[in-house]
Amino acid sequence: MPATLVAYWLLPRFRNGIVAVASLVFYAWGAGAYTLLLLSAIAVNYAAGRVLGRIERRRTIVLGAAVGWNLAILAVWKYAGFATEQLRALGMEGVPLVELALPIGISFFTFHHISMSWTSTGAARRRRPAWSAS
């Protein structure tokens, strides 16, 4: 934390990048392998935002795909175990029980990405999105 704070104040041009890298390092420290899940969500949403900023037609398809990706992440990692438990409780013993560890902050980062995808569609119509992290 102190090193991040010093870098943040000494390198004002790179503040967003410093905070982004420090956040990912902190998440990796706590969540380990689930950092790849977070990075994949970031990559898909970034790509969707770039596409939404460039196209005028079929925006709802791109938006729907991005939101669908985010909801699929949430459905698999948070609700698949619950769903299989409920199916087995209803007598479907042949359904394999899904037991996945829950990534730290999955609901937060999923709904944050969805809200950013949603707002980027409106914002991109009025102005071009920023492509730089700095």
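These exercises work through the helices of a predicted model.

**Exercise 1.** State how many helices and strands the protein has, and what pattern they follow along the sequence.

Solution. Begin with the count: the secondary structure consists of 5 helices and 0 strands. Then read along the sequence, where the pattern is α-α-α-α-α.

**Exercise 2.** Describe how helix 2 and helix 3 meet.

Solution. Locate the elements: helix 2 covers residues 15-31 and helix 3 covers residues 35-54. Their axes come within 9 Å and cross at roughly 145 degrees. Next, list the residues in contact: Leu24, Tyr27 and Ala28 from helix 2 meet Thr35, Leu38, Leu39 and Ile42 from helix 3. Sorted by class, this contact has 6 nonpolar residues, 1 polar residue and no charged ones.

**Exercise 3.** Determine how helix 3 and helix 4 are oriented to each other, and which residues join them.

Solution. Take the geometry: helix 4 spans residues 59-89, and it packs on helix 3 at about 170 degrees with the axes 9 Å apart. Angles over 145 degrees count as roughly antiparallel, so helix 3 and helix 4 are roughly antiparallel to each other. Now turn to the contact. Helix 3 supplies Leu37, Ser40, Ala41, Val44, Asn45, Ala48, Val51 and Leu52. Helix 4 supplies Arg59, Val62, Leu63, Ala66, Trp69, Asn70, Ile73 and Trp77. By class there are 12 nonpolar, 3 polar and 1 charged residues.

**Exercise 4.** Find the share of buried residues and the accessible surface of the protein.

Solution. Of the 134 residues, 25% are buried. The accessible surface is about 9,300 Å², and 70% of this surface belongs to carbon and sulfur atoms.

Key
Residues numbered from 1 in each chain as written. Predicted model: local features only at pLDDT ≥ 70, side-chain atom pairs only at ≥ 80, totals over all residues. Heavy atoms only, no water. Axes fitted to C-alpha atoms, helices over the stretch in contact; angles between N-to-C directions. Helix = DSSP H or I, 4+ residues; strand = E, 2+ residues; numbered from the N terminus. Contact = heavy atoms within 4.5 Å. Nonpolar A, V, L, I, M, F, W, Y, C, P; charged D, E, K, R; others polar. Parallel < 35°, antiparallel > 145°, perpendicular 65-115°, else oblique. Buried < 20%, exposed > 50% of the residue type's maximum accessible area, 1.4 Å probe, protein only. Areas by Shrake-Rupley, 256 points an atom, 1.4 Å probe, with all protein chains shown as cover.
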